[in-house]
Amino acid sequence: MAIFKGAGVAIATPFNQDGSVNYDEFERLIEFQIANGTDAIIVCGTTGEAATMSEKEHMDVVKFCIDKVNKRIPVIAGTGSNCTQTAIELSALAEEYGADGVLCVTPYYNKATQDGLYAHFSAIADAISIPIILYNVPSRTGCNILPETAVRLCRDKKNIVGIKDATGNIAQTSRMMQLAEGCIDLYSGNDDEIVPIMSLGGLGVISVLSNVAPQQTHEICQKCLDGDFAAARELQFKAIPLVKALFSEVNPIPVKSALKMIGIEAGPLRLPLTEMEDGHKKVLEDEMRSFGLIK
């Protein structure tokens with residue numbers, strides 16, 4: 001059984017002005033997500049700024065999220081690393097804390113061959129029993145899981161169950177799903193590709209957009225799951241201008257500005273990320289208003 005179907009939010013991490021985690025606002029964001037139909041929470045991924053957290057801080061945020069959600073919806077912990085041993089340790093802690101699954105990105109910077117990717121993810125899978133979703137985002141990592149490798153991992157390791165596909169390469173995704181013959185739970189990693197990915201057999205999205213528009217993102221996915229791709233397509237088209245604005249600068253810079261616009265004090269970003277440029281912020285505000293999220 002899939003960990004979740006529908007819209008999983010790649011949740012942002014609010015910070016205080018001194019850079020510490022703002023747990024009060026994080027709890028508000030969690031409750032906002034659950035109240036508005038989010039199907040799962042993915043904590044401490046790219047959008048959560050895990051790359052600038054210490055390992056202790058990272059896992060404290062994961063545990064807080066798991067405890068506050070309290071099994072109301074699935075929580076998937078981002079536990080990937082370019083160091084296999086670190087990924088194993090983080091994943092084991094996430095399992096101990098009660099995560100429903102983990103999201104593991106491909107090794108970045110040092111990268112890996114396809115054999116290296118197989119060995120890396122196999123080692124993580126052998127160390128834990130909860131489900132693993134692979135995260136393929138070559139634009140950030142410089143490393144691409146080829147279809148044959150993804151299928152091999154999902155077939156050989158029973159707890160490697162799916163992939164977050166942020167390649168932007170529909171041809172590669174189509175090839176992977178052809179080879180998979182149903183063994184891969186596929187999730188879109190791009191908010192502007194939810195319908196195309198789900199038309200290939202995807203189960204949903206791991207979404208930045210869901211931070212500010214959880215109901216609307218859930219609805220796009222639900223229409224696809226119901227087989228009403230015409231209605232889903234119209235909802236997808238309506239969301240594209242806002243999605244474009246949310247990615248006008250490096251994620252999560254725009255979405256933290258967007259959260260502030262809806263009244264959630266997401267706080268500052270950690271360096272090397274900086275605040276959104278005024279021109280981009282104005283476009284984002286206009287699109288938020290057009291989408292009905294602010295007045």
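Reply: Here are the ground rules, then the strands, the helices and a few backbone details.

Reply: This is a predicted model, so local features need pLDDT of at least 70, side-chain atom pairs count only at pLDDT 80 or more, and totals for chains, interfaces and linings use all residues. Residues are numbered from 1 along each chain as its sequence is written, and side-chain values use heavy atoms, with hydrogens and water left out.

Me: OK. In what order do the strands close into a barrel?
Reply: The order is β1-β2-β3-β4-β5-β6-β7-β8, 8 strands with parallel pairing. The twist from one strand to the next averages 25 degrees. Strands (E, at least two residues) and helices (H or I, at least four) are DSSP runs, numbered from the N terminus. Two strands pair if DSSP finds at least two bridges between them.

Me: How many bridges join β1 to β2?
Reply: There are 3, and β1 (residues 6-10) runs parallel to β2. Gly8 has Ala40 in β2 as its bridge partner.

Me: And β2 with β3?
Reply: β2 (residues 40-43) and β3 also pair in the parallel sense, over 3 bridges. Val43 stands opposite Ala77 in β3.

Me: Which way do the residues of β3 point?
Reply: Val75 and Ala77 point one way from β3 (residues 75-78), Ile76 and Gly78 the other way. All are buried, meaning under 20% relative accessible area; over 50% is exposed and in between is partly exposed (1.4 Å probe, protein chains only). In a regular strand the side chains alternate between the two faces of the sheet.

Me: Helices now. At what angle do α10 and α12 cross?
Reply: Roughly 155 degrees, with the axes of α10 (residues 229-246) and α12 (residues 278-290) coming within 9 Å. Axes are lines fitted to C-alpha atoms, for helices over the stretch in contact, and angles run from 0 to 180 degrees between N-to-C directions. α10 and α12 are therefore roughly antiparallel. The cut-offs: under 35 degrees is roughly parallel, over 145 roughly antiparallel, 65 to 115 roughly perpendicular, the rest oblique.

Me: Which residues meet there?
Reply: Pro241, Leu242, Ala245 and Leu246 in α10 meet Val283, Leu284, Glu287 and Met288 in α12. Contact means heavy atoms within 4.5 Å. By class, this contact of α10 with α12 has 7 nonpolar, no polar and 1 charged residues. Ala, Val, Leu, Ile, Met, Phe, Trp, Tyr, Cys and Pro count as nonpolar, Asp, Glu, Lys and Arg as charged, and the others, Gly among them, as polar.

Me: What about α3 and α4?
Reply: The axes of α3 (residues 84-97) and α4 come within 9 Å and cross at roughly 30 degrees. α3 and α4 are therefore roughly parallel. Thr84, Ala87, Ile88 and Ser91 in α3 meet His120, Ala123, Ile124 and Ala127 in α4. That contact of α3 with α4 divides into 5 nonpolar, 3 polar and no charged residues.

Me: Switching to backbone. Where are the cis peptide bonds you have?
Reply: One runs from Asn251 to Pro252, with omega near 10 degrees. Pro252 is in the loop between α10 and α11. Another runs from Leu271 to Pro272, with omega near 20 degrees. Pro272 lies in the loop between α11 and α12.

Me: Is Glu49, with its positive phi, buried or exposed?
Reply: Buried, at 4% relative accessibility. Its phi is about 60 degrees although Glu49 is not a glycine. Glu49 is in the loop between β2 and α2.

Me: And Lys71?
Reply: Phi of Lys71 is near 70 degrees, again positive in a residue other than glycine. Lys71 is exposed, with a relative accessible area of 57%.
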